[in-house]
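Thanks for coming. I will take a few minutes on one structure, so please look at the screen.

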Number of protein chains: 4
Amino acid sequence: MACSKYEYVKKFEQESILLPNTYVVIRIDGRGFHKFCESHNFEKPNDERAIHLMNRCASHVMELTTDVMLSYGQSDEYSFILKRDSTLFGRRASKIESSLVSLFASCFVFYWKDFFPDLSLKYPPCFDSRSVCYPTFENLYDYLCWRQVDCHINNLYNTTFWALVQQGGMSPLDAENKLKGTLSNTKNEILFTQFNINYNNLPAIFRKGSILIWKEVKEVVKTNPDGTSVSR
Amino acid sequence: MACSKYEYVKKFEQESILLPNTYVVIRIDGRGFHKFCESHNFEKPNDERAIHLMNRCASHVMELTTDVMLSYGQSDEYSFILKRDSTLFGRRASKIESSLVSLFASCFVFYWKDFFPDLSLKYPPCFDSRSVCYPTFENLYDYLCWRQVDCHINNLYNTTFWALVQQGGMSPLDAENKLKGTLSNTKNEILFTQFNINYNNLPAIFRKGSILIWKEVKEVVKTNPDGTSVSR
Amino acid sequence: MACSKYEYVKKFEQESILLPNTYVVIRIDGRGFHKFCESHNFEKPNDERAIHLMNRCASHVMELTTDVMLSYGQSDEYSFILKRDSTLFGRRASKIESSLVSLFASCFVFYWKDFFPDLSLKYPPCFDSRSVCYPTFENLYDYLCWRQVDCHINNLYNTTFWALVQQGGMSPLDAENKLKGTLSNTKNEILFTQFNINYNNLPAIFRKGSILIWKEVKEVVKTNPDGTSVSR
Amino acid sequence: MACSKYEYVKKFEQESILLPNTYVVIRIDGRGFHKFCESHNFEKPNDERAIHLMNRCASHVMELTTDVMLSYGQSDEYSFILKRDSTLFGRRASKIESSLVSLFASCFVFYWKDFFPDLSLKYPPCFDSRSVCYPTFENLYDYLCWRQVDCHINNLYNTTFWALVQQGGMSPLDAENKLKGTLSNTKNEILFTQFNINYNNLPAIFRKGSILIWKEVKEVVKTNPDGTSVSR
């Protein structure tokens, strides 16, 4: 066939296969989302519409990728966890990373209007992704803790920062300097004494992020003549 | 800091760096586009609106990724070529592959309505991507030939197949059987004698695909007091 | 410094890091050992001197690489198993594979005369090596079973083959044809009925291979004035 | 077959293939050679016997690996360069790195007595190896320059250091301090004025290292009846 002369170029492709029998995490991360949030006037410190849009995208990805056993989102990032024995795309790293991130990104634009009905999307967003193998459940658990601690630290900071700016009338620079090097309890105290905010009473979705898991659903598969039904 | 206990999980990340001083091709490929075309009643054998949408996405990607020196598209795939000395994202394979494919996918949804004003997008599309290094210009050139020959072979087949079905009234199965194992000249002859189509006169965009390159533009940077201008 | 102009070439080096928290197996394998055995008139089906030489090399490697928790040898191969938490050479695959295999090979020549005092080494041997990560103890266990089953199958075959040739007077080709496609019990029966050999009574080192493990050793660290000693 | 139950463990092996159409450098490096030289009382700053032993090993490796087009050695390291189109071991990195380094190491012990007839080898040496791809001849050339500049810098330093110690009666520490931060011309001057040594007249094998290349050899393949011969 005519194309055989050039087909040798396929040999330059190098496949990276994710180690079998490990949990695979694919983490998707917004690129340039600071500017993206500014451009679309996202609410500070958290925009619930954006969080629900991210969750909608993740649930779409999960519905089409049943090997994802759990996913966790916070801020502009989402982690998808493949079960140990997944053979998705032959565990080829590039294929898995690229398929999930491109689907997530196209969902983001597709579902935008459901969460921002009055605000048109100004430009198409961009995400990157990476995949990481974890050999034990303990490592995977620690991975999720790592992301959740990150969520907590950033959200506590942002909540305090924006309280100082929005309610306290501080300039962003002054707020930044005031918070520099402070520990959690200082921020909690500022929120409570200055703004009467008990951080722990804020919505969990802001403080802890979102988790998506599969729910077993009973489905009626047959209705018996006597009116009873068989479900599974 | 509180997160340090879990941060060890970062050590499980493995970076794959693309060999320096090589041309890097990132090829994006539609996943499940046969079904996608069916669902959206794309015209056969080629839907010009879809081709122009793909080209619009590719040009958006190029505008934001100036290290792409050239890109080539055909069917539901697009190849972006980074110049040899590109240091984009430190030449990290995952970062490059995922950023380009996610931007392409979100562009596809974003620009959809500009090319399909009367047809709403039914579901978000998905693409995969891979990166390949080519050490010489000759190898790169052969890569582009490989994709263009692929375009030619598929388009000649599809053009003949759909002529037989749409104009010749054949069933898809009969058309498939008639074409099985035929060479180019047989297909050219069928097109010419049965349907009065000279294949070589069909639009080049169908037969050869699309290439995007940078064009040097003279831009007025200063207007002199005497009315003349300085451009670069 | 003068060399800086060329130092950029270091950037072309690509490190492959073995996934943390996994068991790492480095398997060393003789290259061209069929010919090597012929050249040195090794005894058939097993040459005890060669086995003990291999074991000597492996124990030398283990003494210098205390992260090796266990090693297993059979035929012309040896597997070294690093403990999960080993940070040997920063878990760089090339460094680990090459250091172990080169030390093994130089030991092979160095210790040769201790096991073959009357036979001089005709030419330097060559081995290759590879490293594999196993995420669970079960996978590692199955790896060792895999190699041991390989040992058993080959040794049963070789024992029967050489009995037919050496004691039965068959030509190698006739022996090969006779054994083609036979199961274990057929070979056991040939050995027993024709040659009065009970395979299970043959030395375990031939049938099962060799395992090297660390042994806790009590060492006298102090002798008390009363003549008793303190050990650890 | 009995082993099939365990054979799944082979799937954990990951092959790294060296990019086609690039020059591959395999660099072998002595491990712990400072101590090795001390143990064997190597002459300072250079031991010619050791250099010739290294060269003998490299030439043995080249004879068995005809894809090596050139090799370069200095100090306790050796670089082997595979031609661009080599398909040695399917360009599998581990196989190439490990085979070459193990053969080199076993040669080192094997040929030891030819170069150190009066000195017995005290313990088996160890080397590591790595492979690097260079896409252009210019990159490869710069690689060789990099290693040769390294040879020059180290040799000039060592020559001056040992002149100060051996002929100048300085303590090693004093010599080290005297040379700290000095440029080439200072060292040249010390050698010339204090020890009457013109560095550029020292043997090139010390100053520049060793290169092994293939030499075309005319071989008589047929002798004609008239006494003339045909060679190729």
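I start with Cys133(D), which is buried at a relative accessible area of 8%; buried means under 20% relative accessible area, exposed over 50%, and partly exposed in between, with a 1.4 Å probe and protein chains only. Before I go on, this is a predicted model, where local features need pLDDT of at least 70, side-chain atom pairs count only at pLDDT 80 or more, and totals for chains, interfaces and linings use all residues. Residues are numbered from 1 along each chain as written, chains are lettered from A and ligands numbered from 1 in the order written, and side-chain values use heavy atoms, without hydrogens and water.

Now the cysteines. How many disulfides are there over all chains? The count is zero, a disulfide being a pair of cysteine sulfur atoms within 2.5 Å. For Cys133(D), the nearest cysteine sulfur is that of Cys133(B), 9.8 Å away. Cys107(C) is in no disulfide either, and its nearest cysteine sulfur, on Cys57(C), is 5.2 Å away. Cys107(C) is buried, with a relative accessible area of 0%.

Next, chains B and C. Eight residues of chain B are in contact with eight of chain C, contact meaning heavy atoms within 4.5 Å. Together the two chains bury about 630 Å², 62% of it on carbon and sulfur atoms; buried area is the accessible area (1.4 Å probe) that two parts lose on being put together, summed over both. On the chain B side, Phe12(B), Gln14(B) and Pro20(B) supply 64% of the area buried against chain C, more than any other three residues.
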